[in-house]
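Dear colleague,

I am passing on the structure we spoke about, and I would be glad if you could read my notes beside it. The model comes first and the notes come after it.

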Amino acid sequence: MVPATVEPAATAGRHRPSAAGWGLRGVVWAALAYLVLVFPLGRPATTVILYTTAVCYGIVALSLNVLLGYVGQISLGHQAFVGVGAFTSAYVVTEQGQSFWVGVLAAAAIGGGQALVLGGVSLRVRGLYFALITLSYGLVAQDNIFQIERLTGGGAGQPAPKPQGFETEWRYYYLCVGFLAVVLYLDWRMMRSKSGRALLALRENPRVAATFGINVRLATLFAFVVSGVFAGLGGALIAHNDTFVSPDPWNFNLALVFVIMTVVGGLRSRPGLVIGGAFFALLPYLIEQIPGFDSLLEAIPAPRDLSPLIAPLVIGPLLLIVNLIRFPGGIGQQLRPITRWLAGHRFDLHDRGLKEVQITDVRA
Amino acid sequence: MGGLFSERRSLLIGIGATVALVVFLIVVGEEKSLVIGLTQGSAYGMVALGLALIYKSSGVFNFAQGEFGTVALYVLYLLDIKGNYWLAIIGALAAAGLMGFATERLVVRPLFEAPRVILLVATAGVALLAIGVELWFADAQAKPVAKAFSRNDRITVFDVQITDQRLWLIVTLAALAVLLGLFFTRTNLGLAIIGASQEPTATELVGISVRRLSSFTWVLAAVLGGLAAVIAIPDLGSFGPGAMTSNYLIPAFTAAVLGGMTSLPGAFVGGVLIGIIQSVATSAPLFQDGGELAIPGVPSTLIVFVVLLVVLVARPQGLLGKRA
C-alpha cells in the first residue's frame with residue numbers, strides 16, 4: 001500500500017544507454033554544470049546577488065514542498081519561518097558577535113523550534129483549518145515578532161555581514177549552491193528512508209496509513225519541523241546575501257509567492273522545485289533581460305506600465321491558476337522526460353510520471 | 001435538516017453568551033471598548049458572512065473574499081470623482097459581483113472536482129493577482145474614499161460617538177441578517193442553495209442546476225464583500241492595495257470559524273465577538289507602551305491569532321456550529 005517510488009525501468013529490465021548515449025548525456029550535464037558553476041563567474045556582482053537569491057528561493061521551495069508535497073498540508077505563513085531565520089542569523093552574528101556558521105545553525109534550530117511549537121499546538125486540525133492557522137501566524141510574525149526592536153534593529157533593519165572567507169558575491173554564491181546541494185541530499189535521503197515513505201503514505205490516505213501503524217500526527221509534525229529547519233536555513237542565507245534584513249519584505253504577498261513557486265515548480269520534483277524557486281526570484285530580472293519583453297509589457301493598454309517589480313505579482317498568480325487547472329504537476333512534470341533521460345533512462349516524451357506527480361492528491 | 005432551523009438552539013446559546021459578555025463588560029466598566037468593538041465587529045461580520053456563504057455552498061475557503069471588497073473600493077474611488085456617490089456605490093458593487101462571477105467561472109468551476117486545499121491555493125492566487133493588478137493600475141499610495149454620511153455626533157453611547165457611517169454599517173448588517181435569513185428559509189432560490197450544499201446529487205435530480213447556483217452564490221458573496229468594504233472602510237479615510245485582505249480577511253475568517261463556518265447567523269455573532277474581544281484586549285496593560293513586558297507591534301493581530309488557535313484546538317466545530 002505504501003506508494004514507494006518504484007522505478008518502472010527497474011521492473012522492466014534496466015535500460016543501458018550506449019556509449020554515444022552516455023556521451024550526449026555527459027554533454028548536457030556539463031552544460032548544466034557550466035550554467036550553475038562557471039557562468040556566474042563572468043557576471044557583475046549585482047547580478048550574482050540575484051543568482052544567490054534564486055538559489056535561496058530554491059531552498060525555500062524545497063522547504064515548502066516537504067509540507068505541501070509530502071504530507072499534503074499547506075503553510076500560508078512560510079514568510080514567518082524564512083523571516084525569523086533571517087533575523088535570527090543577523091541577530092546572532094551582529095548583536096552576539098558569533099560567527100556566520102553559528103548564525104546559520106541558530107536560524108535552522110529556531111526555524112525547526114517554532115514549527116515544533118506551532119505544529120504541536122495546532123496540528124490537531126488539518127487541511128483548510130491548518131492553512132488558516134499558519135496564515136494567521138504569518139501575520140503575527142509580520143505585525144508582532146518583526147516589531148521586536150532588539151531582534152530586528154527597529155525600522156532601520158539588522159545588518160548581516162557575509163561570512164569570513166566568503167566576502168565576495170561569487171564566493172558566497174558557491175557557498176549557497178553548496179547549502180542547496182546539502183538540502184537536496186537531505187531531502188533525497190529522507191524520502192528514501194522509512195519515515196519518508198510514511199509521509200507519502202499518510203498523504204495518500206491518513207486512515208490507511210494509521211492502520212499500518214504510522215502515527216499520523218507525529219509524522220505530520222516531523223514534516224513540519226523539517227520544513228521549518230529548511231526555511232530557517234534559507235532565511236539565514238537570504239539575510240547574509242542582502243547583508244541586511246529589514247522587517248518590510250516578510251509580508252503575506254511573499255508567503256503567497258512562496259506557495260506559488262512551489263506549486264508551479266512541481267510538488268515532489270526536486271529539479272522542478274529548484275527551477276520554480278529560481279524562476280520566481282529572477283522574474284523581475286528576466287523581464288528586463290529578455291529582449292522585447294519590456295516593450296511587450298508596455299504595449300498592454302493600461303493606465304500605467306507594468307514595472308518589473310510588480311510583474312511577478314501579476315504573472316505569478318496567472319501561472320499558478322493555469323498550472324492548477326491545466327498542468328497540475330508543474331514544471332517538474334513537464335521536464336520529467338528530460339530529467340529521466342539525464343538519469344540514464346530511455347527518452348520517453350510521454351513519461352509524465354502521472355501516477356507519481358499529481359497535485360490533486362493533496363487532501364483537504 | 002433545515003440548514004438554519006437546526007442552528008436555532010445553538011444560535012440562542014451564542015446570543016445568550018454575547019448578551020452575558022455585554023452585561024459583564026458594562027459591570028466592569030469596559031463599556032467604551034464594547035461600543036468600539038461592536039462597530040468594528042460588524043465589519044468583520046459582514047466579510048465573514050460572505051466567507052460562510054461560500055463555504056456553506058461549495059466547501060471552499062475563499063481567500064479572495066477580501067479582494068472583492070478592495071476592487072469595489074477602487075471602482076468607488078474612480079466613479080465617485082466623476083459623478084453621483086450612490087451611483088458610484090452601485091457601480092462598485094457591480095464590479096465586485098462581476099469579479100465574483102469571473103472567479104467562479106474561470107477558477108472555481110474548472111477545479112470543481114479538485115480537493116478543497118487546491119481551491120484554497122487557487123483563490124489565494126486570485127487575491128494576489130488582484131493585489132498585483134491594483135498595484136499596477138493604481139500605485140502603492142493610499143487613496144481617499146468618501147463617506148456616505150458625514151455627521152459624527154448624532155449619537156453618543158457610553159461617551160463614544162458613533163459616526164453616521166458606522167450607524168449605517170450596523171443598520172445594513174442587521175437588515176442583511178434578517179433579509180438573508182428570510183432568503184434562505186422562505187424563497188425557492190435560497191432553499192435550493194441550502195439543498196445544493198447538503199445534497200448536490202439529489203438537488204440535480206429534482207431539476208436544479210447546481211452549477212448555476214454556484215455562480216449565483218459567488219456573485220452574492222462578492223457583492224456582500226464589496227458592500228462590507230464600501231461601508232466600513234470610509235471611516236478609516238483611505239485605503240491601499242490589498243486593504244481588505246490585510247485588515248479584514250483573517251479576523252473575518254476567525255469570526256466565521258467561531259460561528260462554525262457554515263452558519264450565517266454564526267458569522268454575524270462571531271464577527272461582533274471578535275470585534276469586542278479585540279477592543280477589550282487591546283486596552284489591556286500587556287499591550288501598553290513602556291511596560292516591562294509590553295508586546296510590540298499591532299495587538300489585534302496577535303489577539304486574533306490566539307482566539308483562532310484556542311477555538312480550533314478546543315472546539316473545532318466553532319461555538320455555534322454542529323461540526324467543523
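Predicted model: local features only at pLDDT ≥ 70, side-chain atom pairs only at ≥ 80, totals over all residues.

Residues are numbered from 1 along each chain as its sequence is written, chains are lettered from A and ligands numbered from 1 in the order in which they are written, and side-chain values use heavy atoms, with hydrogens and water left out.

**The two chains**

Chain A has 16 helices and two strands, whereas chain B has twelve helices and four strands; helices (H or I, at least four residues) and strands (E, at least two) are DSSP runs numbered from the N terminus. Of the 364 residues of chain A, 53% count as buried, and for the 324 residues of chain B the share is 55%, where buried means under 20% relative accessible area, exposed over 50%, and partly exposed in between, with a 1.4 Å probe and protein chains only. Among the contacts in chain A with a separation of 6 or more, 78% join residues 24 or more positions apart, and in chain B the corresponding figure is 74%, a contact being heavy atoms within 4.5 Å.

**A helix contact between the chains**

Helix α6 of chain A (residues 127–143) packs against helix α10 of chain B (residues 243–258) at an angle of about 145°, with the axes 11 Å apart. The axes are lines fitted to C-alpha atoms, for helices over the stretch in contact, and the angles run from 0 to 180 degrees between N-to-C directions. The crossing of α6(A) with α10(B) is left-handed, that is, the near helix is turned anticlockwise from the far one by less than a right angle, clockwise being right-handed. On the α6(A) side, A:Tyr129, A:Leu132, A:Leu135, A:Ser136 and A:Leu139 meet B:Ile250, B:Phe253 and B:Val257 of α10(B). By class, this contact has seven nonpolar, one polar and no charged residues, with Ala, Val, Leu, Ile, Met, Phe, Trp, Tyr, Cys and Pro counted as nonpolar, Asp, Glu, Lys and Arg as charged, and the others, Gly among them, as polar.

**A pocket and a cavity**

Both are found on a 1 Å grid over the protein atoms alone: a cavity is a set of points where a 1.4 Å probe fits but cannot get out, a pocket is an open set with protein on both sides within 12 Å along at least five of seven lines, and lining residues have an atom within 4 Å of a point. Grid points are joined across faces, edges and corners, and a volume is the space filled by probe spheres set on the points.

The second largest pocket has a volume of about 810 Å³ and is lined by 24 residues, of which A:Thr53, A:Tyr57, A:Pro249, A:Leu254 and A:Leu309 lie nearest its centre. Among the elements of chain A that each supply at least two residues of this lining are α3 (45–70), α11 (216–242) and β2 (244–245). The lining comprises 19 nonpolar, four polar and one charged residues.

The structure holds two cavities of 30 Å³ or more, and the second largest cavity contains about 30 Å³ of space. Its lining draws on both chains, with A:Leu76, A:Leu256, A:Val259, A:Ile260, A:Leu320, B:Val121, B:Ala124 and B:Gly125, and it divides into seven nonpolar, one polar and no charged residues.

**Single residues**

A:Thr243, in the loop between α11 and β2 of chain A, has a positive phi of about 55° although it is not a glycine, and it is partly exposed at a relative accessible area of 35%. A:Arg268, in the loop between α12 and α13 of chain A, likewise has a positive phi, near 65°, but A:Arg268 counts as buried because its relative accessibility is 15%.

In chain B, B:Leu220 belongs to helix α9 (residues 210–232) and is in contact with B:Leu53, B:Leu180 and B:Phe183, leaving aside neighbours within four places in sequence.
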